[in-house]
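Please open the model in a viewer and keep the sequence panel at hand.

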Amino acid sequence: MTENPFPFTGLSSAEVEAARAAHGTNALDGKEGGGFWKALRTAVTEPMFLLLLAAATIYFVLGELSEAFFMVGAIVLISAISFYQDHRSRRALEALEQFTHPQARVIRGNAVIDIPSDDIVLGDLVVVQEGELLPADGQVIHANDFSVNESILTGEAFSVPKEVSDDKPGRVYRGTQAVGGLAVVRVAAVGKATEIGRIGTSLAAIEEGRSPLERQIQRFVRNMAIVGALFFLIVWGLNFMHSRDWLDSLLKGLTLAMSILPEEIPVAFTTFMALGAWRMMRAGVLVKHAKTVETLGAATVICTDKTGTITENRMELVALQLRHDATPRTPEQWSSPEVQHLIATAMWASEPVPFDPMETALHAAYAHSTDTDRRPAFRMVHEYPLSGKPPMMTHVFANNAGERIIAAKGAPEAILACSDLDEAERQGVIRNTDALATQGYRILAVGETTLQGNDWPKEQQHFTFTYLGLVAFHDPPKKNIEQVFRSFTEAGIRTVIITGDNPVTAKAIARQVHFPIAGEPVQGDAIQAMDDSALATTVRTSNLFTRMFPEAKLRVVKALKAQGEVVAMTGDGVNDGPALKAAHIGIAMGQRGSELAKEAAALVLLDDDLGRMVDAVAQGRRIYGNLKKAIQYIISIHIPIILTVALPLLLGWLYPNIFTPVHVIFLELLMGPTCSIAYESEPPEPGSMRRRPRRRELTFLSWTELRTSLAQGLLITAGTLFCYQYAVQNNLGEHLTRTLVFTALVVANIALTLVNRSFEHSLLDTLRYPNALLRGILAGTVVMLLALLYVPLFRDFFQLASPDIGLLALASGVGLASVLWYEGVKLVRRSST
């Protein structure tokens, strides 16, 4: 709650409750909810569910009740796992949504308070300023050069001035963007009654597109489903031709179809992305779209602002230099009337309700320097918002006695260009500016002018200002920023500073934090003057860009992307929106960032600490690496299941039905938790932040990556088929043959889980990784295998036999050998690096 500077008291608590009861709140229906029922509908339409249901039905028809009830139990268990994973993902996404709910400032009970925008009611007075989204439809009742961008409704992306009016010039709409000035709006429509609510274009209801990796996964699973359907028909047909038993043939076809379908892959992707985004949120990084996690680990360039990102954004007014002063004045020299006039003029050139740290510092300095506060007696009658290259701003205040103040402040170059100074004097001011800038100070020039009548110039630059002097602010660098830059460099990520400051100040701050400047600073005007070829060379060789404005920032981001870089861009202002949107990863500041910047960004740093991006990149690499391990594990273990089921059947071996649906489902139950629960909990690998970023176009479903999974799967298949042939050659019988094959496959699954924890570090190293979930799943697998082999109830149901120690050792050894060979591959790779 803050003091109310406006001449309105707003609604009382009783009026708010009455309006809410009569007209509802400002909430819009967003994306389809449904929770449990949506998850249930998804589960019962999954191909694996339908296959299990078909198999259970056949067993019931055949009178094989034990197998039928087992399949029913499998349906329940697999559905429970699916519900659990869906619940975890949904809970994580709901937590993210809670953080993304926008806030609004309203006047209630003669105080300005922040509330969730959904809690706005009809008749509320909403305070809106540059950089924010309009939270409801309404009528402007107070405005200081207020303008909005209504492109979300009209499709026309230009600024529309709004003024105090009862008709269209004063009407504003929910979802439009405030791009200049400040206004108080009386809410005239909320929720579904707003214009955007009626036409159904709520941003929350717009489905985001699928990422490249998600589309690739979807395509892979679809192709595997087609292959499964094809083989199902072949096996069903061939068996029916030989046996004329259509139910038995159908059961064998279903067994093969179950073994082919990799339904765990999309589940793993969704789970990893959602839980990854949730973990980042807990670490102070809000990921607005879970799939952004996929891109984080591939970032190659981070473009960062200076103010508030490299520095504390804690502006302190530390020096002033009057027009005729040879040296700056420190705070103990600020008692003269000339200095007090300079401070007062700089304050009048600031917003009446300051939100910029420099303007806050100027208001504080004015209050400290005067015994008579003149602010309550004056009202703003005209405003020229921050504009120009470089920028400046002008405010016009008047009181009831007819006194008028016209004050301007901005970049020294901007004020000098429309000042009363001659060229020699201007050069002297530029020298003074550079002297202050070499100390890392942020410098503004201040001027004043007069005007008779109300025939305001179209642009503020058309005034001729009396130059008063310079005001200098100190914004100390953040304590951790040097280590942040070092961490980015170690991770193979190039850092580029893009700032609106002048080159001297930017260089001074960069040197204070030991930022390795490459070449001379490049200014925004120079960027705009370059052709594409020259710009491509510049963005490769320079890393400090100053006096940047939105169009120049956007060109730099696009030029970096054109060279194949994966670009992350930080920003906090309304003018950063285009560059944030254009970057692969737009990063907004949670505390000082405008609503427009947050809307355009993919990530929000909740505490404005760039160091969180180091953690976010590390998490992005961890999540992507673990997802790669999980999916390659799924593919590797599916290959031997498919071939062990299919080859004896298709080649007419002695025991064609070595596995039934019961065995395949048991193996599926082992794989599900391993890939989507255990691997998701894996810690980051040592050295992951000392590697270069992965190539964005290289996914783990590319041929280069699939070769490993294919080789692992084929060698496990070779091991299981060796056990099959060994048992047949030694006349061990069908049950014992099945036992050896089954045991080898389960042991290989355990070994594969451990070996694929890292494609670089050895098994002995990864055994020390903390992951209680994975250890629990593997221990449970061993216990279940022993129970299946040596507990008669389970052994007979699965049609297995109890092997002696020699045969158990043989099958286990084959299973281990079929996987552990990859440790040799990893050793060779480590030796060659």
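Begin with strand 12 and strand 13, the latter spanning residues 392–399; the two pair in the antiparallel sense over seven bridges. Within this pairing, select Ser387, which stands opposite Met392 in strand 13. Please bear in mind throughout that this is a predicted model.

Six strands form an open, antiparallel sheet, in the order 11-16-15-14-13-12. Which strands stand at the edges? They are strand 11 (316–322) and strand 12 (378–387); each has a single partner strand, so one side of each is left without a neighbour in the sheet. From one strand to the next, the twist averages 20°.

**The helix across the sheet**

**A covered helix**

Select residues 503–512 to display helix 16. Is this helix mostly covered or mostly uncovered? Helix 16 is mostly covered, with seven of its 10 residues buried. The buried residues are Pro503, Thr505, Ala506, Lys507, Ala508, Ile509 and Ala510. To see what covers them, show helix 14 (423–437), strand 15, strand 17 (494–498), strand 18 (522–523) and strand 19 (544–546), which are included in the cover.

Ile234 counts as partly exposed because its relative accessibility is 38%, between the limits of 20% for buried and 50% for exposed.

**A buried valine**

Finally, centre the view on Val140, in strand 5 (residues 137–149). Val140 has a relative accessible area of 1% and is therefore buried, the cut-off being under 20%. Which residues does Val140 touch, not counting those up to four places away in sequence? They are Phe146, Lys162, Glu163, Val164, Ser165, Gly170, Val172, Ala183, Val184 and Val185. To end the tour, select Arg621 as well: 481 residues separate Val140 and Arg621 along the chain, and their C-alpha atoms are separated by 48 Å.

Note on methods:
Residues numbered from 1 in each chain as written. Predicted model: local features only at pLDDT ≥ 70, side-chain atom pairs only at ≥ 80, totals over all residues. Heavy atoms only, no water. Pairing = 2+ DSSP bridges. Helix = DSSP H or I, 4+ residues; strand = E, 2+ residues; numbered from the N terminus. Axes fitted to C-alpha atoms, helices over the stretch in contact; angles between N-to-C directions. Buried < 20%, exposed > 50% of the residue type's maximum accessible area, 1.4 Å probe, protein only. Contact = heavy atoms within 4.5 Å.
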